[in-house]
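Good morning, and thank you for making time for this item.

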Amino acid sequence: GARSAAAERGEADERDPVGATLALLAIRAGSLLAAGVAFAGSLDVRLRNLMLDEVRSLICDCNAAFSGSQIVERRMMSSCIATACAGLAALMSGSRDAEILSLLLRE
């Protein structure tokens, strides 16, 4: 299909708020994955709590944004959640933190 001039320039298209929301959620999820990998195995409780809060926030934002959406958007949402959880899993590698394990198994 035809793409808008904004999309060609890599800019958000105000006519496609769902696409823009997905892009922002994907960026957040990718950032959480990168942070988790960068600090893998860290025992810093503040970092653990921050990462846990950010992953929970992303999950809530995904669910709120796409609660009744089409299957393609729900798959993208699931992919964002899985990416963020992978970052959390990397951060906590080797840990047996019950709260983290519970979140990862639930999502």
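How many salt bridges does the count come to? With a side-chain nitrogen of Lys or Arg required to be within 4 Å of a carboxyl oxygen of Asp or Glu, the count comes to 5 salt bridges. Please bear in mind that this is a predicted model.

Let me begin with Asp61 and Arg28. Their side chains meet in a salt bridge, with an N to O distance of 2.6 Å. Asp61 belongs to helix α3, residues 45–65, and Arg28 to helix α2, residues 17–38, so this pair ties together parts of the chain that are 33 residues apart in sequence.

I turn next to Arg48. One of its partners is Asp97, and the closest N and O atoms of that salt bridge are 2.7 Å apart. Here too distant parts of the chain are linked: Asp97 sits in the loop between α4 (71–91) and α5 (98–106), whereas Arg48 is in helix α3, 49 residues apart. Are these two residues buried or exposed? Both Asp97 and Arg48 are buried.

Arg48 also forms a salt bridge with Glu99, and in this case the closest N and O atoms lie 2.8 Å apart. Since Arg48 is in helix α3 and Glu99 in helix α5, the pair ties together parts that are 51 residues apart in sequence. Why is Arg48 classed as buried? The relative accessible area of Arg48 is 12%, and the buried class covers values under 20%. Glu99, by contrast, is partly exposed, with a relative accessible area of 36%.

I shall finish with a nonpolar feature. Ile71, Val72 and Met76 form a nonpolar patch on the surface, and together they present about 290 Å² of accessible area. Val72 counts as exposed because its relative accessibility is 55%, and the exposed class requires a value over 50%.

That concludes my presentation, and I welcome discussion.

Conventions
Residues are numbered from 1 along each chain as its sequence is written. This is a predicted model: local features need pLDDT of at least 70, side-chain atom pairs count only at pLDDT 80 or more; totals for chains, interfaces and linings use all residues. Side-chain values use heavy atoms; hydrogens and water are left out. Helices (H or I, at least four residues) and strands (E, at least two) are DSSP runs, numbered from the N terminus. Buried means under 20% relative accessible area, exposed over 50%, partly exposed in between (1.4 Å probe, protein chains only). Patches are made of residues with over 30% relative accessible area and no salt bridge: like charges are joined within 9 Å, nonpolar side chains (Val, Leu, Ile, Met, Phe, Trp, Tyr) within 5 Å. Accessible areas come from the Shrake-Rupley method with a 1.4 Å probe; for residues, only the protein chains shown count as cover.
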